[in-house]
Amino acid sequence: MALNLDKNLKRYYSIREVADMFGLNESTLRYWEQEFPYLKPKTSGPAKIRQYQEKDIEQIKLIHNLVKVRGFKLAAAKKIINSNRDGADRKAEVLTRLIEIRADLQALKQQMDYLV
């Protein structure tokens with residue numbers, strides 16, 4: 001069996017790590033857990049420490065795209081997710097990829113401007 005260097009080896013993320021990934025407050029994530037019933041991170045210990053897995057982060061990415069990036073209200077985001085889950089997921093993936101491509105193009109432009 002070959003070593004997979006691309007595989008993300010971290011299994012769980014803290015609420016602080018996830019909040020930082022998306023530029024959100026921890027309280028926003030807790031609120032979204034109440035509003036979106038399918039967003040349920042694992043909790044451990046008597047303090048109920050949240051442990052987010054990749055599947056939870058994918059859910060947050062979708063919600064973040066709809067609410068923070070595209071500007072939908074929470075009720076509209078819930079409706080979109082409930083009515084067309086696959087379409088909403090696909091649109092979020094495309095938007096994320098386009099943002100990455102834009103950043104790459106801007107970096108290339110800066111390099112070209114430096115050369116000229």
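This is a predicted model: local features need pLDDT of at least 70, side-chain atom pairs count only at pLDDT 80 or more; totals for chains, interfaces and linings use all residues.
1. On the overall architecture, the chain holds five helices and two strands. Read from the N terminus, their order is α-α-β-β-α-α-α. Of the 116 residues, 25% count as buried. The accessible surface of the chain amounts to about 8,600 Å², and carbon and sulfur atoms account for 55% of that area. Where contacts join residues at least 6 apart in sequence, 53% of them are between residues at least 24 apart.

2. The largest nonpolar core comprises 20 residues. The residues with the most contacts inside this core are V18, L29, W32, F36, Y52, I60 and I63. Two or more core residues come from each of α1 (15–22), α2 (26–35), α3 (54–69) and α4 (74–83). Helix α3 provides the largest share, six residues. As a general background, nonpolar side chains in soluble globular proteins tend to be buried together.

3. Apart from neighbours within four places in sequence, I60 is in contact with V18, F22, L29, W32, L39 and Y52. Among these partners, V18, L29, W32 and Y52 are also listed with I60 among the residues with the most contacts inside the core.

4. The buried residues of α1 are I15, V18, A19 and F22. They lie on the same side of the helix, because the arc that they cover around the axis is only 100°. This spacing may be read against the general rule that an α-helix has 3.6 residues a turn, so residues three or four places apart point the same way. The buried residues of α1 pack against α2, β2 (49–51) and α3. G23 follows α1 and has a positive phi, near 65°.

5. A search of the whole structure finds nine salt bridges. One of interest joins E33 and R50, whose closest N and O atoms are 2.9 Å apart. This pair also links distant parts of the chain, with E33 in helix α2 and R50 in strand β2, 17 residues apart. E33 is buried, at a relative accessible area of 9%, whereas R50 counts as partly exposed, at 24% relative accessibility.

6. The side chains of D56 and K55 also meet in a salt bridge, at 3.5 Å from N to O.

7. The surface of the model includes a nonpolar patch of about 420 Å², made by V94, L98, I101, L105 and L108. L105 is placed in helix α5, which spans residues 85–115. This leucine counts as exposed because its relative accessibility, 52%, is over the 50% cut-off.

Note on methods:
Residues are numbered from 1 along each chain as its sequence is written. Side-chain values use heavy atoms; hydrogens and water are left out. A nonpolar core is a set of buried Ala, Val, Leu, Ile, Met, Phe, Trp, Tyr and Cys residues joined through side-chain atoms within 4.5 Å. Buried means under 20% relative accessible area, exposed over 50%, partly exposed in between (1.4 Å probe, protein chains only). Helices (H or I, at least four residues) and strands (E, at least two) are DSSP runs, numbered from the N terminus. Contact means heavy atoms within 4.5 Å. Patches are made of residues with over 30% relative accessible area and no salt bridge: like charges are joined within 9 Å, nonpolar side chains (Val, Leu, Ile, Met, Phe, Trp, Tyr) within 5 Å. Accessible areas come from the Shrake-Rupley method with a 1.4 Å probe; for residues, only the protein chains shown count as cover. A salt bridge is a side-chain nitrogen of Lys or Arg within 4 Å of a carboxyl oxygen of Asp or Glu. The arc is that of the directions from the helix axis to the C-beta atoms.
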